[in-house]
Amino acid sequence: MVKTTLRVYGGLPGSAKSRQEQTVGRKTCRRAEDHLTYNWMVVDQMGGGIGIVDGGTEMDGLIEKDADTDRLLRALADPTRRAIVVRAMAGDHSVSDLARHHPMSFAAIQKHVAVLEEAGLVTKERRGRRHLVRTNIEAVRTARMALDRLEQLWRQRMDRFETVLAAEAETEGGDE
Amino acid sequence: MTVTNVDKDPQARTMTMTATFDAPVEKVWRLWADPRLLEKWWGPPTWPATFVDHDLSPGGHVSYYMTGPDGDKAAGWWQVREVDPPRRLVFQDGFADDSGRPDPALPTTEVTVTLEATAEGTTMSMQSRFATREDMEQLIAMGMEEGLVGAMGQIDAILADI
């Protein structure tokens with residue numbers, strides 16, 4: 001079992017571009033990236049990053065663990081596997097559910113899931129005749145991530161809000 | 001400190017932020033009601049917003065786009081649900097496609113703004129609620145996808161140094 005923290009920093013326009021090249025995606029994906037870039041720039045401006053936390057150690061520890069790092073990198077290097085990780089965050093999916101979302105065979109998806117499982121990114125649980133795949137991040141924690149991003153977005157807006165309000169008060173001279 | 005309280009409830013899919021301002025309610029309201037003031041704070045400095053439509057009436061439509069440093073544009077929209085100037089504003093907040101039409105593939109949130117007069121000025125409460133669990137997960141997914149690529153880039157850089 002790999003214990004890692006991926007410390008993730010905001011995507012700069014350059015990195016978003018490189019992602020566009022990597023993605024063989026739908027048009028909505030590209031638009032999503034535009035917003036992503038924006039969203040991550042917002043986070044970037046905060047001077048922080050959003051960590052995807054799963055376990056104890058930080059990036060440094062990750063680098064030290066060569067074998068684990070290799071596995072993790074290989075697991076995440078593939079767009080189909082990243083899509084599976086993302087999809088399986090939303091709840092349990094059987095391998096055949098996952099296969100329906102990709103233009104490839106059940107066997108191919110099964111192999112991808114095996115790679116992710118080996119890297120500790122997903123767990124597989126037998127329920128009846130089905131194997132359910134789940135991303136190894138607690139549901140509540142992932143929910144927090146989205147709410148954390150909203151919080152950062154609105155905190156920055158409120159800071160600007162106050163600046164604009166103060167400037168308005170000034171231009172109206174003598175008005176409180 | 002402007003922001004005085006933040007409350008996040010994953011079960012209810014809400015983030016509630018409370019901020020206080022040293023100004024009367026009517027003035028604080030103007031920053032929502034006047035599009036020229038609104039665009040001074042809605043987008044970050046590197047992605048300033050331009051509001052195209054701004055109809056703050058029930059059922060009214062607001063549309064805007066933000067312009068990035070490379071000239072890229074990201075469009076967004078509000079669908080106004082409730083308005084009670086200068087106290088309350090409820091709207092659906094979402095992304096739009098290139099032609100400015102709401103894009104159902106991207107997550108939306110419902111924003112409820114409440115202004116209250118206090119002895120010091122105004123307390124503004126802002127609640128943002130993901131429309132569905134799927135919306136919330138989609139936002140995470142968008143961030144995670146981007147984040148993973150960012151992390152990969154960093155790891156590449158570190159490995160190149162070794």
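In this predicted model, chain A contains an open sheet of three strands in the order S3-S5-S4, with antiparallel pairing. Its edges are formed by strand S3 (93-94) and strand S4 (122-127) of chain A, each of which pairs on one side only. S3(A) is joined to strand S5 (residues 130-135) of chain A by two bridges, and these strands run antiparallel. A:His93 has A:Val133 in S5(A) opposite. Helix H7(A) packs on this sheet through contacts with S4 and S5 of chain A, and its direction makes about 115° with that of S4(A).

H7(A) itself covers residues 106-118. Its 13 residues reach 18 Å from first C-alpha to last, close to the 18 Å expected at 1.5 Å a residue. Four of its residues, A:Ile109, A:His112, A:Val113 and A:Leu116, are buried. They lie on the same side of H7(A) because they cover an arc of only 100° around the axis. An α-helix has 3.6 residues a turn, so residues three or four places apart point the same way. On the other side of H7(A), A:Lys111 and A:Glu118 are exposed. After the helix comes A:Gly120, with a positive phi near 80°.

From the N terminus on, the order in chain A is β-α-α-β-α-α-α-β-α-α-β-β-α. Of the 176 residues in chain A, 48% are buried. Among the contacts in chain A with a separation of 6 or more, 65% are between residues 24 or more positions apart.

Chain B has an open sheet of eight strands, in the order S1-S2-S8-S7-S6-S5-S4-S3, with antiparallel pairing. Strand S1 (3-9) and strand S3 (49-54) of chain B are at the edges; each has a single partner strand, so one side of each is left without a neighbour in the sheet. From one strand to the next the twist averages 20°. Within this sheet, strand S4 (residues 61-67) and strand S5 (residues 73-84) of chain B run antiparallel and are joined by seven bridges. B:Ser63 has B:Trp77 in S5(B) as its bridge partner. Helix H1 (residues 25-33) of chain B packs on the sheet, where it touches strand S2 (14-21), S3, S5, strand S6 (88-95), strand S7 (109-117) and strand S8 (122-130) of chain B. The direction of H1(B) makes about 160° with that of S7(B).

B:Asp84 is also found in strand S5 of chain B. This residue counts as partly exposed because its relative accessibility is 41%, a value that falls between the limits of 20% for buried and 50% for exposed. The C-alpha atoms of B:Asp84 and B:Ser57 are separated by 8.9 Å, although the residues are 27 apart along the chain.

In soluble globular proteins, nonpolar side chains tend to be buried together. The largest nonpolar core here has 43 residues, of which A:Trp154, A:Met158, B:Trp32, B:Trp41, B:Trp42, B:Trp78 and B:Leu89 touch the most other members. Helix H8 (residues 139-171) of chain A gives the most to this core, with eight residues. Leaving aside residues up to four places away in sequence, B:Trp41 touches A:Trp154, A:Arg157, A:Met158, A:Arg160, A:Phe161, A:Val164, B:Leu31 and B:Trp32. A second, separate core of 14 residues includes A:Ala88, A:Val95, A:Ile109 and A:Leu116.

Key:
Residues are numbered from 1 along each chain as its sequence is written. Chains are lettered from A and ligands numbered from 1 in the order in which they are written. This is a predicted model: local features need pLDDT of at least 70, side-chain atom pairs count only at pLDDT 80 or more; totals for chains, interfaces and linings use all residues. Side-chain values use heavy atoms; hydrogens and water are left out. A nonpolar core is a set of buried Ala, Val, Leu, Ile, Met, Phe, Trp, Tyr and Cys residues joined through side-chain atoms within 4.5 Å. Buried means under 20% relative accessible area, exposed over 50%, partly exposed in between (1.4 Å probe, protein chains only). Contact means heavy atoms within 4.5 Å. The expected span of a helix is 1.5 Å times one less than its number of residues. The arc is that of the directions from the helix axis to the C-beta atoms. Two strands pair if DSSP finds at least two bridges between them. Axes are lines fitted to C-alpha atoms, for helices over the stretch in contact, and angles run from 0 to 180 degrees between N-to-C directions.
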